[in-house]
Protein chains: 2
Amino acid sequence: MGKRIGKNTIVFENKPRIINFASVCGKKEAQGPLGDQFDKVFEDTTMNESSWEKAESRLQTEAVNTALEKANLKSQEINYIFAGDLLNQCMSSAFGLRSLGIPFLGQFGACSTMAQTLFLASSVIEAGISDYSVAVTSSHYCSSERQFRFPLQYGGQRTPTAQWTVTGAGAAIIGNSGEGPYISKATVGKIVDLGIKDVNNMGAAMAPAAAKTMLSFFEDTKTHPSEYDMIFSGDLGEVGSNLLREILLKESYRLGDNYNDCGLMIYHKEEQDVHAGGSGCGCSASVFCSIILRKLREKTWNNVLFMATGALMSPTSCQQGETIPGVAHLINIRNDL
Amino acid sequence: MGKRIGKNTIVFENKPRIINFASVCGKKEAQGPLGDQFDKVFEDTTMNESSWEKAESRLQTEAVNTALEKANLKSQEINYIFAGDLLNQCMSSAFGLRSLGIPFLGQFGACSTMAQTLFLASSVIEAGISDYSVAVTSSHYCSSERQFRFPLQYGGQRTPTAQWTVTGAGAAIIGNSGEGPYISKATVGKIVDLGIKDVNNMGAAMAPAAAKTMLSFFEDTKTHPSEYDMIFSGDLGEVGSNLLREILLKESYRLGDNYNDCGLMIYHKEEQDVHAGGSGCGCSASVFCSIILRKLREKTWNNVLFMATGALMSPTSCQQGETIPGVAHLINIRNDL
């Protein structure tokens, strides 16, 4: 049985294990600094499908099937799949995973979804009701742009604070035994809304929620940033990650060189013209399910924080003049030493 | 610790308790057969908000706050809220619940979401990481019509197989101790897609998934429909519930007079012109969190099955010629006797 510590952090006593993982990405992501870290790269991001939404669905299928192959598991051995994406009615997840025959639980936490799926996949393990569960999320630049912003053909100018939606997916298999890094603790975030309305500045909208979740974790565990090998935020980008540093510093927590943001890691900032960095469910998912889990598996890192952040807006809410609520969930992954 | 029985059913050994619950509805629902069962009724379904989406958010706020009041609990005492709805990016949930300060986990299972939230709220209790969690879902006729079908002003003719989206919400508080009915078992469904494309016949699209989940539960538990006081499906409506009966009968499971569908219970079929019945996340949520839980609490019923069913489509998927995948999750609620 797990337990609660402090106000809002929990400890998984059964050590839900990350048995294996996989990431798949598009061409632009393959040209970034992590290009050699992904399991599969699709040069043509239509993936020979008839729509971008179907291509995004394929990203999820590929990520899950690759993770299953690497783990030498069949889909029938998986008890639950926790899956989410940014599209209306989580379309990429439902259509990408419908043929797998795995009990399906759709998740929506915007770009925080990867941490949410990891938390829930671990919770059903901790509850004793699952041997293996899968956590998967995706995003696709083209399906996101046309749903949330403009038709690609319009060629809209992007602001300096805008982020670039990652075309990619990541899947992790969580098991109740076995080898590999385990999910030790988690802090599920509350919704925080400080009134940001600029849909081209998601980093600023998400930073207060990110800071709240991270502070809550440090206070509950009585630890400091310097005690972790690495600390990753999901896709705050340049604006959001600087804000996170600032807010934490005011509370006397200094994020040092062991802090990075998946949105800043996935692209070459200058050459790839991504402005404030990468974003989307697929950003933190593909970075987590490639370099982060690989370095944990190799025991280069043994105690890592992964916090994915989401902006819970919809085009409708923005059109109706609403502000952008943020949310962030944090997972602590460790190795047996 | 919970355990798995058969192929796809789990038993919660810690007896997650339904501490309290609340339902809120609109005018049309109040005029139906269950009119006197709801905690709050809003005659003006705009709820004095400036949009239908904001009105739907208010339904969630009202349902959760009413449930908390009835349970004599404060929002700070709740560890997690599992919330979902049908709108793009689960907008009603995020905006309706952002001010509550409860760690938020957005869910999307279309109209199956109420059972999904109940399953997950029970799982975190079973895992020992929650004292109280809330499960809540909503739908609103006007926000759904304009998102999924036509502008209301268009006055489109509805087909005989079409269902009427319920304006309502239901919230249940699940606790790790206390009195009241408890969640004993659950079967989380797989996605089933038999190729139905008619968006005006959701009952037919969902029935195969409903049958698969229910068969799985009966086989895993080695029980028969006649052993339960009542069996409820979410919102299969007339077409879907007849199909469910037929499919189960072929497998030698007869659904008798102890079976009903929330979509058939909430409206007077003839007088209220709802065609095949009610639908929407708010349909099963408001029926479950009113008459079903009330009769369980009074011990009129002591062993009940509640299976919510969802059609995992989006307007985009339909426009792209996709079929409609269905999913259904089943919960067994019991009383100590």
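Trainee: What should I know about the model before I look at its features?

Mentor: The model is predicted, and local features need pLDDT of at least 70, side-chain atom pairs count only at pLDDT 80 or more, while totals for chains, interfaces and linings use all residues. Residues are numbered from 1 along each chain as its sequence is written, chains are lettered from A and ligands numbered from 1 in the order in which they are written, and side-chain values use heavy atoms, with hydrogens and water left out.

Trainee: How many residues does helix α9 of chain A have, and what span does it reach?

Mentor: Helices (H or I, at least four residues) and strands (E, at least two) are DSSP runs, numbered from the N terminus, and the expected span of a helix is 1.5 Å times one less than its number of residues. Helix α9 of chain A, residues 281-297, has 17 residues and reaches 23 Å from its first C-alpha to its last, close to the 24 Å expected.

Trainee: Where does α9(A) bend?

Mentor: The bend at a residue is the angle between axes fitted to the seven residues ending there and the seven starting there; in α9(A) a bend of about 40 degrees is found at F288(A). After α9(A) comes K299(A), whose phi is positive, near 60 degrees.

Trainee: Is α9(A) mostly covered or mostly open?

Mentor: Buried means under 20% relative accessible area, exposed over 50%, and partly exposed in between (1.4 Å probe, protein chains only). In α9(A), 14 of the 17 residues are buried, and the helix is mostly covered. Helix α5 of chain B, residues 141-148, is likewise mostly covered, with seven of its eight residues buried. Among those buried residues are Y141(B), C142(B) and F148(B).

Trainee: Which elements do the buried residues of α5(B) pack against?

Mentor: Contact means heavy atoms within 4.5 Å, and the buried residues of α5(B) pack against α2, β7 (132-139), β8 (164-165) and α10 (315-319) of chain B.

Trainee: How many salt bridges are there over all chains?

Mentor: Side chains of opposite charge can pair when their charged atoms come close. A salt bridge is a side-chain nitrogen of Lys or Arg within 4 Å of a carboxyl oxygen of Asp or Glu, and by this rule the count over all chains is 26.

Trainee: Which parts of chain B does the salt bridge of K40(B) and E62(B) tie together?

Mentor: The closest N and O atoms of K40(B) and E62(B) are 2.9 Å apart. K40(B) lies in strand β4 (residues 40-42) of chain B and E62(B) in helix α2 (residues 52-71) of chain B, so the pair ties together parts that are 22 residues apart in sequence. K40(B) is partly exposed, at a relative accessible area of 30%, whereas E62(B) counts as buried at 15% relative accessibility. In chain A, salt bridges that share partners join K40(A), E49(A), R58(A) and E62(A) into one network.

Trainee: What rotation superposes chain B on chain A?

Mentor: Copies are superposed by least squares on the C-alpha atoms of residues with pLDDT of at least 70 in both. Here a rotation of 180 degrees, with 0.0 Å of shift along its axis, superposes chain B on chain A with an RMSD of 0.0 Å. That is the relation of a two-fold axis. Of the residues of chain B, A127(B) comes closest to the rotation axis, its C-alpha being at 1.9 Å. The copies meet through the same surface, because 100% of the interface residues of chain B are also interface residues in chain A.

Trainee: Where is G189(A) found, and which residues is it in contact with?

Mentor: G189(A) is found in the loop between β10 (182-187) and α6 (202-221) of chain A, and it is buried, with a relative accessible area of 1%. Leaving aside its neighbours within four places in sequence, G189(A) is in contact with residues including T213(A), H329(A), P103(B) and F104(B).

Trainee: Which side chain does T309(B) join in a polar contact?

Mentor: A polar contact is a pair of N or O atoms within 3.5 Å; within protein, one must be able to donate a hydrogen and the other to accept it, and residues adjacent in sequence count only if both atoms are side-chain atoms. T309(B), in strand β14 (residues 303-311) of chain B, is buried at 0% relative accessibility, and a polar contact of 3.3 Å joins its side chain to that of D235(B).
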